[in-house]
Amino acid sequence: MASMAGPDHLFNLRNHFYLGAYQAAINNSEIPNLSQEDIVERDCLVHRAYIALGSYQLVISEIDEAAATPLQAVKLLAMYLSSPENKESTILSLREWLADPTVGNNATIRLVAGTIFMHEEDYNDALKHTHSGGTMDLHALNVQIFIKMHRSDYAEKQLRVMQQIDEDHTLTQLASAWLNLAVGGSKIQEAYLIFQDFTEKYPMTSLILNGKAVCCMHMGNFEEAETLLLEALNKDAKDPETLANLVVCSLHVGKSSSRYLNQLKLSHPEHVLVKRTASAEDNFERALQSFA
């Protein structure tokens, strides 16, 4: 008979991270009796949590040359996100790593590669490194990439793989909610119920509140969405998704969205909504000039 797997010491830490409770993940990372492999994974999760909080320089300064390969990959992600000037050199370094047969197949390097290429909107390159999966994080990233490519059929196949591995896994539930939102229609209610289930099981985070709010907006419940988003804003005043969703929600409830948009422009100038707004303003200006 196969021996039973040991306890998963990192379960709570992973859950905090997946649900957007980044500070809680950092605060509760001192876990006893970890194997060396678990210590590296723990440190990766903690530094990814710092990246999610925007503390890029802390991650860059804490991970030195002697750190394990997965941690070096996380440092590369922090360097990529820290400033636009770093992007080209970071992607060059990443490609060199991926071409190296001794480290190129490491799951964390592939996860970072998929994340960076997804940011670059180079989805084919992202999938080149993530499509073979191997971890729940990689499967969940594949779902995100396929949704961004408007290929919900492929996203659904990837979700089925996750469901076969662990139907109750937090990432499986999140991926299911993302896909339901992408498909729309009657699936929106199913997505809402997943986020509602999270609110009953875990402390409220900006990620969960935004998920519920987006479902509400899809269902036309903009007042409820606004309440949820303002609660999310109280938790993190600079969260880009909260600010972007508040811009959209404010327009629907007939309120000014300029303050939220200005906050988003200042704190996250690379955000897709900022870029689209700038592009629309440029097009409008050109159209006006053509009639002048």
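**Close-up views of a predicted model**

At 11% relative accessibility, Phe17 counts as buried, because a residue in this predicted model is called buried when its relative accessible area is under 20%.

View 1. The structure holds five aromatic pairs.

**View 2. The ring pair of Phe198 and Tyr202.** A pair of aromatic rings is described by the distance of the centres and the angle of the planes. For Phe198 and Tyr202 the ring centres are 6.2 Å apart and the planes stand at 45°, so this pair is tilted. The two partners can also be described by their accessibility: Phe198 counts as buried at 4% relative accessibility, whereas Tyr202, with a relative accessible area of 26%, is partly exposed.

**View 3. Helix H10 and its buried side.** Helix H10 covers residues 152-166, and its 15 residues, at 1.5 Å a residue, should span 21 Å; the C-alpha atoms at its ends are 20 Å apart, which agrees with that expectation. The buried residues of H10 are Ala155, Gln158, Leu159 and Met162. Around the helix axis they cover an arc of only 105°, which puts them on the same side of H10. What covers these buried residues includes helix H9 (136-148) and helix H11 (170-183).

**View 4. Ser176 in helix H11.** Ser176 has its place in helix H11, and with a relative accessible area of 14% it is buried.

View 5. About 400 Å³ of space lies in the second largest pocket. Its lining is made by 16 residues, and those closest to the pocket centre are Glu41, Ala107, Thr108, Thr135 and Asp137. Two or more lining residues are given by each of helix H1 (11-18), helix H3 (36-52) and helix H7 (107-119). The largest share of the lining, seven residues, comes from H3.

Key: Residues numbered from 1 in each chain as written. Predicted model: local features only at pLDDT ≥ 70, side-chain atom pairs only at ≥ 80, totals over all residues. Heavy atoms only, no water. Helix = DSSP H or I, 4+ residues; strand = E, 2+ residues; numbered from the N terminus. Expected span 1.5 Å × (residues − 1). Buried < 20%, exposed > 50% of the residue type's maximum accessible area, 1.4 Å probe, protein only. Arc of directions from axis to C-beta. Contact = heavy atoms within 4.5 Å. Phe/Tyr/Trp six-rings, centres within 6.5 Å; stacked < 30°, edge-to-face > 60°. 1 Å grid on protein atoms, 1.4 Å probe; cavity = no way out; pocket = protein on both sides within 12 Å on 5 of 7 lines; lining within 4 Å. Points joined across faces, edges and corners; volume = space filled by probe spheres on them.
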